[in-house]
Amino acid sequence: MEHAEKKPSYLQHHFADMEQQTDAAKLGMWVFLVTEVLLFGGLFGFYTFYRAWYPEMFMEAHKYLDVAMGTTNTFVLITSSLTMALAIRAMQLGKKKQTIAYLAGTLFFAGVFLVIKYFEYSHKIELGMLPGKLYFFDGIQAANPHIFFSVYFTMTGLHGIHVLIGMIIIGWVMVRTMRDDFSPEYYNPIELTGLYWHLVDLIWIFLFPLLYLIG
Amino acid sequence: MSVATTANYLNEEKGLKSWLFTLDHKRIGMMYLFAVMIAFFLGGVFAILIRLELLNPGQDFFTADTYNQLFTLHGAVMIFLFIIPAIPAALGNFVLPLMLGAKDVAFPRLNLASFYIYVVGALFALYSIVAGAVDTGWTFYTPYSTTTSTSVISMTLGAFILGFSSIFTGVNFIATIHKLRAPGMTWFKMPLMVWALYATSIIQVLATPVLGITLLLLIIERTIGIGIFDPAMGGDPVLFQHFFWFYSHPAVYIMILPGMGIISELVTTFSKKKIFGYKLIAYSSLGIALISFLVWGHHMFTSGQSEFSSMVFSFLTFFVGIPSGIKMFNWLATMYKGRITFEAPMLYTIAFMFLFAIGGLTGIMLGAISIDIHMHDTYFVVAHFHYTMMGGTVIAFLGGMHYWWPKIWGRMYSEKWARVAWALIFVGFNVTFFTQFFLGSQGMPRRYYNYLDQYQPLHMYSTYGSWMLGVGFLIMAYYLIYSIYKGPKAPNNPWGGLTMEWQTTSPPIQHNFEEQPVLEHEPYDYDTRMVVNDQLIKKEDVKEKENINV
């Protein structure tokens with residue numbers, strides 16, 4: 001009531017203006033991304049430790065990962081990052097239909113990534129290249145090959161969960177775009193989703209060479 | 001519940017729903033306070049039971065297994081459910097926006113979400129008690145935690161979920177402090193409590209995810225056996241300790257830093273003197289946050305890490321004492337020649353400085369490798385960390401609670417009973433834990449439910465002390481709850497504080513301030529400003545008036 005001037009509906013009551021609200025949200029998102037980096041950082045720490053401990057085993061076991069599928073997935077995910085960025089650009093220009101199309105494209109590529117991952121996983125599960133106690137493949141001579149697959153499955157698994165969560169958020173942002181929630185003045189949720197999605201992409205860009213391309 | 005005539009955050013909206021779905025940081029803070037107090041009560045009961053068993057050697061009340069579960073629950077509940085959220089999420093949530101002159105935290109919905117995530121995490125932790133409790137100690141060391149038959153999974157899952165709650169609070173506070181400061185409040189005009197909460201949030205955000213992934217891997221290890229912590233499968237159990245302490249050592253600073261922030265506020269308010277070395281106190285909070293990440297190995301001097309790394313960790317452990325020492329001396333210098341009054345919050349401040357000095361200095365002793373080899377896993381360590389965690393954090397928390405109580409409820413508590421409770425807690429604490437320094441140096445190992453007869457006298461005193469503590473806390477619970485209903489009305493600024501939370505009504509209105517406050521002075525300008533009848537005035541104005549009268 002004390003606010004004489006009219007405020008837009010998407011401006012929350014405790015912020016003075018849109019700039020403050022947008023800046024706060026972006027900062028919050030960046031800080032959250034830092035926690036994501038540290039979450040994966042723990043796993044990268046495990047990776048480093050065990051690769052240093054069993055270098056020959058890592059070298060031998062990694063040959064059983066499918067480089068062609070991994071490479072395809074890398075391109076798929078990078079493309080999805082591009083469409084995500086284009087979606088933000090489209091909303092900045094106020095082109096709602098384009099935004100929806102690009103978001104749908106991002107969803108599509110994310111889906112393709114998971115489908116390819118599914119084929120990779122099921123192939124390994126069939127052959128018994130599984131983590132820890134579940135391991136029963138006998139093609140690798142070096143000691144403790146199950147450790148490699150423990151690292152492989154936890155790292156790509158956690159990443160896969162992030163892709164899945166990303167898809168849910170992108171879908172939600174898409175629905176909100178259809179509902180006309182966004183405009184060139186207010187599109188922050190799309191941008192924040194983009195930040196998250198680029199991080200998920202970036203983590204894969206580290207995972208791919210560290211798991212598929214060693215040696 | 002209160003009959004205050006003016007509209008405020010407590011009475012503006014009514015009904016259970018208005019509390020459960022509130023986005024108001026003050027109400028969320030109070031719900032947190034309620035929850036952490038339940039946890040504190042539970043953890044306290046476990047502690048009393050542990051001490052009861054230790055009154056006499058041999059088995060008295062509990063079997064060895066039950067005893068193991070009791071100390072694990074005491075540790076896990078006190079750490080994950082009480083100390084970590086107590087100051088930031090409960091008191092911090094209430095005072096942070098008020099101190100910044102803001103209407104709310106940056107993300108009110110995230111704030112409420114963090115509370116409910118806390119509740120879910122707490123339910124998992126409590127479920128583990130029903131489902132056979134955990135007996136690993138709160139540290140969940142492998143390989144025991146992957147092989148014991150007790151319900152490790154629900155407890156670690158609980159801690160994992162609580163981590164998210166902690167991260168969300170941290171993210172929220174960082175964005176709030178960066179973006180929602182009142183006009184005029186530059187970084188170096190922020191109250192020191194805010195600096196402390198900022199440093200705490202940084203640690204929460206950086207360390208908690210690593211604990212998250214570690215506990216997640218522990219759960220996977222237990223369920224499907226991925227072998228990375230299992231030496232029989234080529235894994236390394238000590239790796240778990242490294243990862244656990246990478247979080248859990250910084251976590252002890254998550255616990256102590258906000259306590260130090262409270263003490264900085266209290267010491268200057270009750271000395272009515274400008275804080276000594278404002279910038280150094282602010283920087284030392286950040287210094288502690290930084291160095292805290294580099295000392296985790298001092299928990300592992302006896303676990304087989306290389307002598308060289310033990311040496312480096314020992315050096316860095318001494319190093320982390322420096323910023324704490326800086327704070328200590330600055331507080332003392334603040335009191336020097338101040339006009340000190342000894343209301344309950346100040347009594348807790350004095351107690352904090354006394355007890356934390358002992359806790360800190362024994363920490364330096366334990367950081368020395370040769371002494372630690374001798375003292376490792378004895379009661380000396382138990383006494384040391386209780387002097388920092390309880391003598392430090394809990395005492396500071398109580399000081400802060402007494403300090404802001406009139407602001408929170410708009411009511412004053414009984415100063416007389418507050419002093420009685422303080423005396424019981426202070427004396428009871430020292431009787432309980434100072435004896436344990438002797439026990440430890442004589443070789444009494446921790447986590448044992450039985451002991452040699454020679455230790456009995458000291459154990460007996462320690463148990464008597466725990467009863468004193470219990471009585472002190474019961475008295476406190478009584479007069480605090482009584483004050484909410486029957487206490488005399490509190491003025492807006494009962495202690496003459498200069499920070500912004502005292503410039504609004506007690507209890508504050510829903511949007512905190514009638515108008516956007518503007519900061520026109522340094523946070524602790526007691527040499528030029530004073531508070532008379534809730535009004536903040538310049539001292540020179542008073543002098544001018546007096547001159548006219550003359």
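How many residues of chain B are in contact with chain A, and how many of chain A with chain B? In this predicted model, 37 residues of chain B are in contact (heavy atoms within 4.5 Å) with 36 residues of chain A. Residues are numbered from 1 along each chain as its sequence is written, chains are lettered from A and ligands numbered from 1 in the order in which they are written. Local features need pLDDT of at least 70, side-chain atom pairs count only at pLDDT 80 or more, and totals for chains, interfaces and linings use all residues, while side-chain values use heavy atoms, with hydrogens and water left out.

**View 1. Area buried between chain B and chain A.** The two chains bury about 3100 Å² between them, and 75% of this is on carbon and sulfur atoms. Buried area is the accessible area (1.4 Å probe) that two parts lose on being put together, summed over both. Lys103(B), Lys179(B) and Met233(B) supply 18% of the area that chain B buries against chain A, more than any other three residues.

**View 2. Polar contacts and elements at the interface of chain B and chain A.** The rule finds 10 residue pairs in polar contact across this interface, both residues at pLDDT 80 or more. A polar contact is a pair of N or O atoms within 3.5 Å; within protein, one must be able to donate a hydrogen and the other to accept it, and residues adjacent in sequence count only if both atoms are side-chain atoms. The elements of chain B that give two or more residues to the side touching chain A are helices H4 (108-130), H6 (152-179), H7 (192-224) and H8 (237-271). Helices (H or I, at least four residues) and strands (E, at least two) are DSSP runs, numbered from the N terminus. H7(B) gives the largest share of that side, 9 residues. By residue class, the side of chain B that touches chain A has 25 nonpolar, 6 polar and 6 charged residues. Here Ala, Val, Leu, Ile, Met, Phe, Trp, Tyr, Cys and Pro count as nonpolar, Asp, Glu, Lys and Arg as charged, and the others, Gly among them, as polar.

**View 3. Helix H2 of chain B and its cap.** Helix H2(B) covers residues 25-53, which is 29 residues. From first C-alpha to last it reaches 42 Å, close to the 42 Å expected at 1.5 Å a residue; the expected span is 1.5 Å times one less than the number of residues. Asp24(B) caps the N-terminal end of H2(B), with a side-chain oxygen 2.9 Å from the backbone nitrogen of Lys26(B).

View 4. Thr142(B) and Pro143(B) are joined by a cis peptide bond with omega about 0 degrees. Another cis peptide bond joins Ser506(B) and Pro507(B), with omega about -10 degrees. Lys337(B) is not a glycine, yet its phi is positive, about 65 degrees.

**View 5. The helices of chain A.** Chain A has 6 helices and 0 strands. Its C-alpha atoms fill a box of roughly 75 × 30 × 25 Å, taken along the principal axes.
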